[in-house]
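My plan is to look things up one at a time and write down what I find.

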Amino acid sequence: MVETFKNYIAGEWVSASDGAVIENLNPATGEVIGYFASATREDTLRAIAAAREALPAWAALPGPARGAILDKAAQIIHTRADELAETLTREEGKTLAESKAEVLRARDIFRYYAGEGFRAGGEVIPANTPETLLFTKSEPLGVVAVITPWNFPIAIPAWKIAPALVYGNTVVFKPASLAPHTALKLVEILVEAGVPAGVINLVVGSGSRVGDTLAESKDINGLSFTGSYAVGTKIYEKTARNFVRTQLEMGGKNPTIVLNDADLDLAVDIVVRGGFGLTGQACTATSRVIVEQGIADAFAQRLAEAARTLRVGDGLQSGVQMGPAVSAEQLQTDLDYVAIGKQEGARLIAGGEPLRSERGFFIQPTVFDDVQPTMRIAQEEIFGPVIGIIRAKDFDDAVEKANQIGYGLSAAIVTHDLQKALRFADRIEAGVVKINEPTSGVALQAPFGGFKASSANTFKEQGQAARAFYTRTKTVYVRYGF
Ligand code: NAP
Ligand code: MG
């Protein structure tokens, strides 16, 4: 029998007020693996009210005490890592190795922010008058709404919820409808670790019911969103009306430049990992490879070979290197873009077909050559394992083509030439720059966020940077000499 799961509001596991549920599918088999309570507007408002009520006590708790709860959560994630990874693969599709890495990353994020409980503080500033203490206090922002995508169903919630909690905020968490089970388990773990009632609330449900209610609320103080540009811009219009502090991290169309001097094996490996890893369903995935003409033929041939030999299948099976698209719709989007690429005159040199022998939503790793920077397949985020090769005359031409795009999340270059590598870091319009590394994969202790249409460009996420978003500063003047 397929299990039905509940939301977590004001310290209780509850069904939706109208009894509605969302179906969760395994994208590798098409099977229903769970039903999830689909929160209504009323449920969401109740979650916001619960977070508001729980705020003063949680904010008043000393930082080290909040940190200790996060530390406990990290320990539970560690103990349950294999089970969490399996849940993640079953509902999202990425390979078990990819899921395990993501789960351990979430554990480390909780460890990292547990320590923040000891560190976060204020600053003492020289005053203008004698015997005066002038200092800043770092206070929690307040009630924070967290809206996350399906492609990193534990890491992204972790890198928003962990800093939110440790800095004293309370949270209403709306995970993506395509991968709610991992999110629910994370909430279960937080509850077990000792997060009090109302401090964390889970509202699984549709973007239009739950998401809109959160974005339109006057009773939240912050909203942190990761997802598509289309949804992000709609949210921003709503939160702006209420001056709700908003963080949006959105799509990408990330380039990897391969220069003539590049080690061919390294370049192919970096592009395969960046472009086909996680089935290309990463905001930082490589989708454009800009290759200097001297190495272009050899590189294209090697990349096509690598694409053809990648083992695609159910991520739960050992030896599988690439899982399915997350849903039938995403698979259709991927296939539509393959058709568009062909129509636009790009040359398909590997893949492009669904895997008809499998029951799930599988597509072959796909490579187009002779892609022009203005083609739709070079401009629009596909969010699948589809790589376009754009040929460049020289280094300057390559950087110019890399920047010829609305997005600016991540960008990489493969070269031994230090001068060109560092000039690339100077000139590229992207929030993350990688030299001889894939565009995907970032350190949890370093700031993360995009430029241009990849971000609202307000606050960075992760590391110490998260503190700016999740706290507000109060300036205190104390005159003790009269
Ligand atoms: P999405 O469709 O934008 O959804 C993201 C979240 O927003 C989901 O929880 C979704 O709920 C919710 N939502 C949908 N409509 C909403 C509305 N009107 N108001 C408020 N919330 C709403 O994105 P996705 O398909 O899940 O994820 C893929 C996208 O995320 C890609 O564009 C990718 O580049 C981006 N991404 C960016 C980063 C980054 O750090 N920059 C990281 C990972 C992914 P439902 O699931 O119920 O629709
Ligand atoms: Mg699913």
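**Entry 1: helix 6.** I note that this is a predicted model. I began with the length of helix 6. Its 14 residues should span 20 Å at 1.5 Å a residue, and the end C-alpha atoms are 20 Å apart, so the two figures agree. Next I asked how enclosed helix 6 is by the rest of the structure. I found 11 of its 14 residues buried, so helix 6 is largely enclosed. The buried set includes Pro-180, His-181, Lys-185 and Ala-193. I then looked just past the end. Gly-194 follows helix 6 and has a positive phi, near 115°.

**Entry 2: the magnesium ion.** I looked up which protein atoms are donors of the magnesium ion (ligand 2). They are Asn-24 (OD1), Leu-25 (O), Glu-91 (O) and Leu-178 (O). They lie 2.3 to 2.5 Å from the ion. Along the chain, the donors follow the spacing N-L-x65-E-x86-L. I checked one pair, Leu-25 and Leu-178, which are 153 residues apart and link distant parts of the chain. Leu-25 belongs to strand 4 (residues 21-25). Leu-178 sits in the loop between strand 9 (170-174) and helix 6 (180-193).

**Entry 3: helix 3.** The donor Glu-91 took me to helix 3, where Glu-91 is one of the buried residues. Helix 3 covers residues 81-92. Its 12 residues should span 16 Å at 1.5 Å a residue, and the end C-alpha atoms are 16 Å apart, so this helix agrees too. Its other buried residues include Ala-81, Leu-84, Ala-85 and Leu-88. What covers the buried residues of helix 3? I found strand 4, strand 5, helix 2 (63-79), helix 4 (96-119) and helix 6 among the covering elements. Just after helix 3, Gly-93 takes a positive phi of about 105°.

Entry 4: I moved on to helix 1. It has 20 residues and reaches 30 Å from first C-alpha to last, close to the 28 Å expected at 1.5 Å a residue. I looked for a kink and found one of about 40° at Ala-54, shortly before the proline Pro-56. Ala-54 is buried, and so are Asp-43, Ile-48, Leu-55 and Trp-58, among others in helix 1.

Ser-38 counts as buried, because its relative accessibility is 6%. I listed its contacts, leaving aside neighbours within four places in sequence. They include Asn-7, Asp-18, Ile-22, Val-204 and Arg-209.

**Entry 5: Ser-224.** I looked up another serine. Ser-224 lies in strand 11 (residues 222-226). It counts as buried, because its relative accessibility is 0%. Beyond the neighbours within four places in sequence, its contacts include Val-146, Lys-160, Gln-247, Glu-461 and Tyr-470. I also took a distance to Ala-378. Ser-224 and Ala-378 are 154 residues apart in sequence and 28 Å apart in space, C-alpha to C-alpha.

Entry 6: Leu-278 has a phi near 55°, a positive value in a residue other than glycine. I placed Leu-278 in the loop between helix 9 (264-276) and strand 14 (286-292). It is buried, with a relative accessible area of 17%. Gln-462 is not a glycine either, and its phi is positive at about 70°. I found Gln-462 in the loop between strand 21 (451-452) and helix 15 (466-470). It is buried, with a relative accessible area of 1%.

**Entry 7: the whole chain.** I finished with the overall view. The chain has 15 helices and 22 strands. Its radius of gyration is 23 Å, close to the 23 Å that the globule rule gives for 482 residues, so the chain is as compact as a globular protein of that length. The C-alpha atoms fill a box of roughly 75 × 65 × 40 Å along the principal axes. Of the 482 residues, 58% count as buried. I checked the contacts between residues at least 6 apart in sequence, and 73% of them join residues at least 24 apart. The accessible surface comes to about 19000 Å², with 52% belonging to carbon and sulfur atoms.

Notes
Residues are numbered from 1 along each chain as its sequence is written. Chains are lettered from A and ligands numbered from 1 in the order in which they are written. This is a predicted model: local features need pLDDT of at least 70, side-chain atom pairs count only at pLDDT 80 or more; totals for chains, interfaces and linings use all residues. Side-chain values use heavy atoms; hydrogens and water are left out. Buried means under 20% relative accessible area, exposed over 50%, partly exposed in between (1.4 Å probe, protein chains only). Contact means heavy atoms within 4.5 Å. Donors are N, O and S atoms within 2.8 Å of the metal (3.2 Å for Na, K and Ca); water is not among the atoms, so sites may look incomplete. Helices (H or I, at least four residues) and strands (E, at least two) are DSSP runs, numbered from the N terminus. The expected span of a helix is 1.5 Å times one less than its number of residues. The bend at a residue is the angle between axes fitted to the seven residues ending there and the seven starting there. The radius of gyration is taken over C-alpha atoms; the globule rule is 2.2 Å times the number of residues to the power 0.38. Accessible areas come from the Shrake-Rupley method with a 1.4 Å probe; for residues, only the protein chains shown count as cover.
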